[in-house]
Amino acid sequence: MGRSIRFGGKLAALFGVVALVASACSKSSTTPSTPSNTIFVQNFRYHGMPTTMSSGIHQFVFENKESFPITHEMIPVELPSGKTSKDVTADAQSKGPDSEDEWLHIGGDFGPADTGASVVETLYLPPGTYAVACWQTGTQSGGENGPPHAAKGMVFQFTVT
């Protein structure tokens with residue numbers, strides 16, 4: 001009798017696992033996929049970033065495709081009413097890297113990516129006007145203390161509807 005109870009228990013556990021796997025598979029096939037965007041930087045400019053996106057969860061792949069060794073980043077910030085990407089650039093020109101703290105960061109930080117590297121980030125974006133910018137200070141000639149890249153125009157504005 002002890003053997004049949006153990007066998008029955010194992011059989012019940014097996015059915016439980018099969019039911020759990022079937023449930024997970026059925027949920028994943030009906031779950032909408034997260035939109036993915038691949039953005040790369042080259043010549044101190046963002047490429048591939050959409051100008052308009054729908055509100056919701058988005059995954060971004062950020063690639064540094066510069067032809068020389070340098071570190072870039074893609075920091076998403078909210079633009080207050082009446083402000084544009086030009087204001088981010090002007091602020092970086094007048095205040096340097098510290099100007100980054102004057103903008104409301106949204107969803108985190110993509111972190112730095114050296115030439116040839118990529119960073120993946122998933123963000124929830126509510127409706128609004130935003131920009132991505134780079135406040136790294138490396139130079140094309142290999143220096144570390146240049147102006148923030150946002151001061152060179154490495155800012156891209158986009159709208160979420």
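**Helix 2 and its surroundings**

Modeller: Let's begin where helix 2 ends: Gly-96 comes next, with a positive phi near 75 degrees. Helices here are DSSP runs of H or I with at least four residues, strands are runs of E with at least two, and both are numbered from the N terminus. This is a predicted model, where local features need pLDDT of at least 70 and side-chain atom pairs count only at pLDDT 80 or more, while totals for chains, interfaces and linings use all residues. Residues are numbered from 1 along each chain as its sequence is written, and side-chain values use heavy atoms, leaving out hydrogens and water.

Colleague: Why does Asn-37 count as buried?

Modeller: Buried means under 20% relative accessible area, exposed over 50% and partly exposed in between, with a 1.4 Å probe and protein chains only. Asn-37 has 15% relative accessibility, so it counts as buried.

Colleague: And what puts the buried residues of helix 2 on the same side?

Modeller: They are Ser-85, Val-88, Thr-89, Asp-91 and Ala-92. Their arc, taken from the directions from the helix axis to the C-beta atoms, is only 160 degrees, so they sit on the same side of helix 2. On the other side, Lys-86, Gln-93 and Ser-94 are exposed.

Colleague: What makes strand 3 and strand 7 edge strands?

Modeller: The open sheet of five strands runs 3-11-10-6-7, with mixed pairing. Two strands pair if DSSP finds at least two bridges between them. Strand 3 and strand 7 each have a single partner strand, so one side of each lacks a neighbour in the sheet.
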